[in-house]
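Open the model in your viewer and keep the selection tool at hand. The stops below can be taken in order.

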Amino acid sequence: QLYLQRIERLDPDLNAFITVTAEEALAAAERADARRRAGDAGPLNGIPIAHKDIFCTRGVRTSCGSRMLDNFIAPYDATVVERLEQAGAVMLGKTNMDEFAMGSSNETSWYGPVRNPWDRTRVPGGSSGGSAAAVAARLCAAATGTDTGGSIRQPAALCGLTGLKPTYGRVSRWGMIAFASSLDQGGILARSAADIAPLLQAIAGFDPQDSTSADVPVPDYTTALGTNIAGLRIGLPEEYFGAGLDPAVAASIEAAIDELRRLGAEVKPIRLPNSPLSVPVYYVVAPAECSSNLARYDGVRFGHRCSDPQGLEDLYKRTRAEGFGAEAKRRIMVGTYVLSAGYYDAYYLKAQQIRHLISDDFRRAFEEVDLIAGPTSPTTAFPLGAKVDDPVAMYLNDIYTIAANLAGLPALSLPAAPVGGLPVGLHLIGNYFDETRLLATAHRLQ
Ligand code: GLN
């Protein structure tokens, strides 16, 4: 009730929620309480959370931030949703997001932009901007998000939260609406690593419904929080501290790294020579996959349909023209172009080859270090509207986060010292399935 009251009072201004499921939440809280009284409380019994509106929720609208799915009521729950519910968590509603998770500022949403609770004239980051604003404003205790190129970590950084993108395959993508399937991974935004641990525990692990789900044992993340970090080898990539990084953000990150040194970590410079190619590679691979994933929105099976179609082609054209926003259309056009005969070899194939080189850089780095550290985002939260007309400036927000998705590595953002009253994120990248070390390191700093 406390959280629902806060949502009622604060969300009309923040716009963090697309749908609030107040009645269902109170009923779920009653059920959690009954479980507690019966001695059958789940590990997250009664914890109020919110889901990014990209996760299918049975009987509740799942819009993906798009007009295309404004009328879509999911007939089933995503695995992430189902597992959190089984653990006893209570869903308060569905959070706002960039349309189909395409964006870094939450300004491409059909439901309007989200405001950053730290400064309501600024963006919360994206695409999980609603989840980040909701947790930061204490409208829920934690929230789910998805990260294809930075969409959990960048909004976590800009809103002063801890956000974890797990290893690709660690968390099931079943029921998570696809943007770029080889990059998408679900995860958690919360106030601290200690809060993330039990939520990750609930959602991690093999799922036969997702063919890319990894059948790897799940460790006890809460126990792992206590792992000592003395002697931990941390690499600082030269490429993550160059031009484009705000000097005040750099100073905040350097102070956080000094703190890691004081805690006993051994910090050394490393090279990730292909990392400057991450953004161009991502903006070939992600649009290619999205153009294929978004082909299903044809006005026939579900979602938006134009009125009074004059034949099949008119149905397709008008449905898609009306249903998708400008950024989704831009990506579909880029994606179909780079996949088309004659251009496939020059763009898509080339991008896949460079993606391999980027992964190889990390493989070599992890022979020398245990974690890689740097800034999550080159700047603090920028003003609403500042980058809406400049897609390239918007894409550069993810310059430090995208490589982890291309390589499938786990990565986390946690708060460093604020700059000018605005949050800054310290970014940590780990080796495959080493979420434990990311959480333990963040926990030591918190
Ligand atoms: N900002 C990036 C994009 O627009 C990443 C989004 C994401 O991680 N979903 O594609």
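In which loop is phenylalanine 433 found? Select the loop between β11 (422-430) and α15 (435-445), and phenylalanine 433 is there. Helices (H or I, at least four residues) and strands (E, at least two) are DSSP runs, numbered from the N terminus. This is a predicted model, in which local features need pLDDT of at least 70 and side-chain atom pairs count only at pLDDT 80 or more, while totals for chains, interfaces and linings use all residues. Residues are numbered from 1 along each chain as its sequence is written.

Stay on phenylalanine 433 and check its backbone: phi is near 60°, a positive value in a residue other than glycine. Phenylalanine 433 counts as partly exposed because 19 other C-beta atoms lie within 10 Å. The classes are buried for 20 or more other C-beta atoms within 10 Å of the residue's own, exposed for 12 or fewer, and partly exposed in between, with C-beta atoms placed from the backbone.

Next, select phenylalanine 100, in the loop between β3 and α4. Phenylalanine 100 is not a glycine, yet has a positive phi of about 50°. With 30 other C-beta atoms within 10 Å, phenylalanine 100 is buried.

Serine 127 is found in the loop between β3 (90-95) and α4 (129-136). Display the peptide bond from glycine 126 to serine 127: this bond is cis, with omega near 5°.

Now go to phenylalanine 17, in strand β1 (residues 17-20). Phenylalanine 17 counts as buried because it has 25 C-beta neighbours inside 10 Å. Leaving aside neighbours within four places in sequence, its contacts (C-beta atoms, placed from the backbone, within 7 Å) include Ile7, Asp11, Lys94 and Gly130. For a distance label, pick the C-alpha atoms of phenylalanine 17 and glycine 129, which are separated by 9.9 Å and lie 112 residues apart along the chain.

The last stop is helix α10 (residues 312-323), which has twelve residues. From first C-alpha to last, α10 reaches 16 Å, close to the 16 Å expected at 1.5 Å a residue, where the expected span is 1.5 Å times one less than the number of residues. Which residues of α10 are buried? Colour Thr319, Arg320 and Gly323. They are on the same side of α10 because they cover an arc of only 90° around the axis, taken from the directions from the helix axis to the C-beta atoms. Turn to the face away from the buried side to find the exposed residues Glu313 and Ala321.

Definitions and conventions. Contact = placed C-beta atoms within 7 Å.
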